[in-house]
Amino acid sequence: MQKSKLKTMYIYKMLEEFSDEDNPLSTTELINMLDRMGIPSERKSIYSDIKALNDIGCDIMTVTSPKRGFFMASRKFELPEVMLLIDAVTSAGFITPKKTNSLVEKLKSLVSVSQSKSMVSQVYVDSSASKCDNEEIYIIIDSLHDAITKGKKVKFTYKRRSIDVQNRKKHTEKTFTVSPYGLIWKDDHYYLVCNNQKYDNLMNLRLDRMKKLELLDAPIRPLCEVSNYSNKLDTQDYSSKMFNMFSGQECEITLKCSLKLQEEMMDRFGAAIPLKASDTSHFETTVKATLSDGLVSWIMQYGKDVKVLEPLELADMIKNKAQAIIDTYN
């Protein structure tokens, strides 16, 4: 097909790539750009092409001041949205530096060249410290989505880092065969919620520590056998009960909190949680959470402003940890 027959689409591409509100393209500029591509054109045909593009829904504006020309007034993603996505990708610890750079370049292509050059991310990330080095992460995410959709088990190698008594860094690897139920991005990490076939509960494993993932023919265990969910994992509900992604037994906990923590508790557990005044300085709330060391650490950060009333098991866990800390400093 001759390029001239695609002239209208080339004009659209030029406006999308090079124009914005501050940088409209004039008719002369469009004619020159087309000419360099070997497509002859004249002013009248440019106007006709712009009209045709607007007729099919493209939002191309015509301006006369301070410069006469045309620009793409709206895109699938506006500049603030692209900046938000770039910041999210840049700060995501489970995306490697190489894939971060690749994704950022793709996101920049959603705005004009001029806008792309002017974008400066407001998020500073020390990539050498916070980015993972697992280049298989895309393949792992895709394979896990496939396994969850098909209801199949997966097998993979799971790597953990440690330091020995000689202060030497080392890695330990373990092979897992699990039933995958859902993926959660929380606390700057991507987790797989799954069941280890050796146990009857749910566990959370980080995707950036997985390698050599293999999709198996074996069907997953029914979710109802290993959790309180019937046939589908409610990731929002599950995530709200996790603290630092520690797994454990779900239970109801009653907290007595300082009044200044009302908003913080609603942010953590949802605006619908019950709030009952217990005295002029405190309120009580009962919520569902997973009993774990993560929950203990989360509560202890508030010091005397939060007290566990129930269950007594959780209160004892906090007292024991507090005593262990005191003993350490004594």
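Which residues of strand 5 are buried on one side and which on the other? His 189, Tyr 191, Val 193 and Asn 195 are buried on one side, and Tyr 190, Leu 192, Cys 194 and Asn 196 on the other, so both faces of the strand are covered, where buried means under 20% relative accessible area, exposed over 50% and partly exposed in between (1.4 Å probe, protein chains only).

## Basis of the description

This is a predicted model, in which local features need pLDDT of at least 70 and side-chain atom pairs count only at pLDDT 80 or more, while totals for chains, interfaces and linings use all residues. Residues are numbered from 1 along each chain as its sequence is written, and side-chain values use heavy atoms, with hydrogens and water left out.

Helices (H or I, at least four residues) and strands (E, at least two) are DSSP runs, numbered from the N terminus. Two strands pair if DSSP finds at least two bridges between them. Contact means heavy atoms within 4.5 Å.

Strand 5 is mostly covered, with 8 of its 8 residues buried. Strand 5 pairs with strand 6 in the antiparallel sense over 4 bridges, and Leu 192 stands opposite Leu 205 in strand 6. The two strands form a hairpin with 6 residues between them.

Tyr 199 lies in the loop between strand 5 (189–196) and strand 6 (203–206). Tyr 199 counts as partly exposed, at 48% relative accessibility. Apart from neighbours within four places in sequence, Tyr 199 is in contact with Arg 221 and Val 226. Val 226 is 27 residues from Tyr 199 in sequence, and the C-alpha atoms of the two are 8.3 Å apart.

## Thr 177 in strand 4

Thr 177 belongs to strand 4 (residues 169–186). Its relative accessible area is 18%, so Thr 177 is buried. Not counting residues up to four places away in sequence, Thr 177 touches Lys 153, Val 154, Lys 155, Asn 195, Asn 196, Gln 197 and Leu 216. Asn 195 and Asn 196 are also among the buried residues of strand 5.

Helix 3 (residues 43–55) has 13 residues and reaches 19 Å from its first C-alpha to its last, close to the 18 Å expected at 1.5 Å a residue; the expected span is 1.5 Å times one less than the number of residues. Ser 45, Ile 46, Asp 49, Ile 50 and Leu 53 of helix 3 are buried. Seen down the axis of helix 3, the buried residues fall within an arc of 140 degrees, so they line one face of the helix; the arc is that of the directions from the helix axis to the C-beta atoms. The face turned away from the buried side carries the exposed residues Lys 44, Lys 51 and Asp 55. Helix 3 is followed by Gly 57, whose phi is positive, near 110 degrees.

The cover over the buried residues of helix 3 includes helix 1 (7–18), helix 2 (27–36), strand 1 (60–63) and strand 2 (69–72). Strand 1 and strand 2 run antiparallel, joined by 4 bridges, and form a hairpin with 5 residues between them. Met 61 has Phe 71 in strand 2 as its bridge partner. Both faces of strand 2 are covered: Gly 69 and Phe 71 are buried on one side, Phe 70 and Met 72 on the other.

## Helix 5

The 12 residues of helix 5 (residues 97–108) should span 16 Å at 1.5 Å a residue, and the end C-alpha atoms are 16 Å apart, which agrees. Lys 99, Thr 100, Val 104 and Leu 107 of helix 5 are buried. Seen down the axis of helix 5, these buried residues fall within an arc of 135 degrees, so they line one face. Helix 4 (79–91) and helix 8 (137–150) are included in what covers them. Lys 98, Asn 101 and Lys 106 are exposed on the face turned away from the buried side of helix 5.

An open sheet of 4 strands has the order 9-10-8-11, with antiparallel pairing. Its edge strands, each pairing on one side only, are strand 9 (276–277) and strand 11 (306–310). Strand 8 (residues 249–258) and strand 10 (residues 282–291) pair in the antiparallel sense over 10 bridges, and Gln 249 stands opposite Leu 291 in strand 10. Helix 10 (residues 262–269) packs on the sheet, touching strand 8, strand 10 and strand 11, and its direction makes about 25 degrees with that of strand 10. Axes are lines fitted to C-alpha atoms, for helices over the stretch in contact, and angles run from 0 to 180 degrees between N-to-C directions.

## Helices 11 and 12

Helix 11 (residues 293–300) and helix 12 (residues 312–329) pack at an angle of about 70 degrees, with their axes 10 Å apart. Helix 11 and helix 12 are therefore roughly perpendicular to each other; angles under 35 degrees count as roughly parallel, over 145 as roughly antiparallel, 65 to 115 as roughly perpendicular and the rest as oblique. Asp 293, Leu 295, Val 296, Ser 297, Ile 299 and Met 300 in helix 11 meet Leu 314, Met 317, Ile 318, Lys 321, Ala 322 and Ile 325 in helix 12.
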